[in-house]
Amino acid sequence: MLAGFCFACSHVLVRRGMVNSNALTASVISLTMSATVAWCLVGLFVPLNAVLSPAIWYFIAAGVFAPGMGRTLNYVGIERIGVARAVPIVNSSPVFASVFAVVFLAEVWMLQNILGTALVILGVVILSSIRSAQGQWRKMDLIYPVLGATSFGISSVLRKGGLNVDNLPLVAAAFTSTTGFLFSIGLLHVNGGRRIFHLPRKSLGWYVAAGVFNTSAMLAVFYALSEGKVVIVEPIVAANPVVSVLLTAVFLRDLESISTRVVAGAICTVAGTLLVVTV
């Protein structure tokens with residue numbers, strides 16, 4: 001629940017920062033903060049030999065998909081079609097994560113899990129039909145949050161696989177965030193390097209604040225996965241579009257507009273989350 005709230009706050013802060021900047025810059029700043037904080041915590045609380053665990057290969061692979069690909073695609077989606085539309089689509093990732101967890105981790109997907117996840121996704125579909133950023137947007141840009149959802153789903157299963165090998169959530173956070181950071185730097189270089197990196201003072205404060213929330217969310221996710229199943233953790237985290245949309249209505253009124261469909265989407269998402277939590 002904490003992870004979902006922090007992700008929602010970061011989405012709104014990133015959207016505000018991108019008024020004068022762009023998605024790739026936001027991704028680099030966010031992942032730089034996440035990696036730095038995670039390694040500082042590892043240095044303080046984790047024995048040095050823990051970084052040599054065979055589980056790190058799972059975490060490195062997970063980092064390529066998310067936060068590397070997933071967070072970048074999420075930010076591009078927010079930039080192209082707005083928070084109110086992109087975030088709910090990205091948070092359909094529990095469908096992918098749950099299916100992958102059942103297939104590759106032999107987790108049990110109980111009927112209540114299925115119903116809860118289905119309600120979450122129904123909420124996503126409804127929320128995705130609301131108006132987004134003012135102005136025109138292209139339907140083909142929906143591909144960015146869809147691919148982001150897939151990336152997050154794959155990453156969740158890899159993270160849990162690594163935690164099953166060695167339950168080291170701080171080490172997992174450090175390696176995945178570092179891999180994601182390196183991925184975003186490579187992506188930035190391919191797309192023009194310094195030419196595309198644009199960080200005015202007006203955006204820096206928003207991005208730093210978003211990075212704090214993103215890092216908190218990332219750590220919360222890893223600790224949740226270290227104690228619970230993917231099929232339970234991911235749908236709960238995916239409830240964050242409700243908070244994202246509410247924050248959008250309050251703080252992004254000059255950038256995005258929302259409709260009464262939000263109420264129906266919120267009800268479905270919250271109901272689905274409650275079903276998952278009470279298993």
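F100 and F104 both lie in helix α5, which covers residues 93–104. They are 4 residues apart, or about one turn of the helix. An α-helix has 3.6 residues a turn, so residues three or four places apart point the same way. The model described here is predicted.

The structure holds 2 aromatic pairs. One of them joins W39 and F175. W39 is partly exposed, with a relative accessible area of 33%. F175 has a relative accessibility of 15% and therefore counts as buried, the limit being under 20%.

F100 and F104 also form a pair. Their ring centres lie 6.4 Å apart and their planes are at 45°, so the pair is tilted. F100 is partly exposed, at a relative accessible area of 22%. F104 is exposed, at 62%.

F104 also takes part in a nonpolar surface patch. The patch is made by V99, V102, V103 and F104 and has an area of about 360 Å². V102 lies in helix α5. Its relative accessibility is 30%, so V102 counts as partly exposed.

The structure holds 2 salt bridges. In one, the side chains of R16 and D254 meet, with an N to O distance of 3.0 Å. R16 lies in helix α1 (residues 2–17). D254 lies in the loop between α11 and α12 (261–277). The pair therefore ties together parts that are 238 residues apart in sequence.

D141 forms a salt bridge with R80. The closest N and O atoms of D141 and R80 are 3.2 Å apart. This pair, too, links distant parts of the chain. D141 is in the loop between α6 (111–127) and α7, while R80 is in helix α3 (residues 56–81). At 5% relative accessibility, D141 is buried. R80, at 33%, is partly exposed.

The loop between α6 and α7 also contains K139. K139 is exposed, with a relative accessibility of 69%. K139 and I81 are 58 residues apart in sequence. In space, the C-alpha atoms of K139 and I81 are 8.7 Å apart.

Helix α7 (residues 143–165) includes S151. S151 is buried, and its relative accessible area is 4%. Beyond its neighbours within four places in sequence, S151 is in contact with F65, A66, M69, G70 and L73.

A66, one of these contacts of S151, is joined to P67 by a cis peptide bond. Omega is about 15° for the bond between A66 and P67. P67 is found in helix α3. Most peptide bonds are trans, and most residues other than glycine have a negative phi. A106 has a phi near 60°, a positive value in a residue other than glycine. A106 is found in the loop between α5 and α6. Its relative accessibility is 63%, so A106 counts as exposed.

Helix α11 covers residues 240–251, a run of 12 residues. At 1.5 Å a residue, α11 should span 16 Å. The expected span is 1.5 Å times one less than the number of residues. The end C-alpha atoms of α11 are 16 Å apart, which agrees. The buried residues of α11 are N240, P241, V242, S244, V245, L247 and T248.

Terms used
Residues are numbered from 1 along each chain as its sequence is written. This is a predicted model: local features need pLDDT of at least 70, side-chain atom pairs count only at pLDDT 80 or more; totals for chains, interfaces and linings use all residues. Side-chain values use heavy atoms; hydrogens and water are left out. Rings of Phe, Tyr and Trp (its six-membered ring) pair if their centres lie within 6.5 Å; planes under 30 degrees apart count as stacked, over 60 as edge-to-face and the rest as tilted. Buried means under 20% relative accessible area, exposed over 50%, partly exposed in between (1.4 Å probe, protein chains only). Helices (H or I, at least four residues) and strands (E, at least two) are DSSP runs, numbered from the N terminus. Patches are made of residues with over 30% relative accessible area and no salt bridge: like charges are joined within 9 Å, nonpolar side chains (Val, Leu, Ile, Met, Phe, Trp, Tyr) within 5 Å. Accessible areas come from the Shrake-Rupley method with a 1.4 Å probe; for residues, only the protein chains shown count as cover. A salt bridge is a side-chain nitrogen of Lys or Arg within 4 Å of a carboxyl oxygen of Asp or Glu. Contact means heavy atoms within 4.5 Å.
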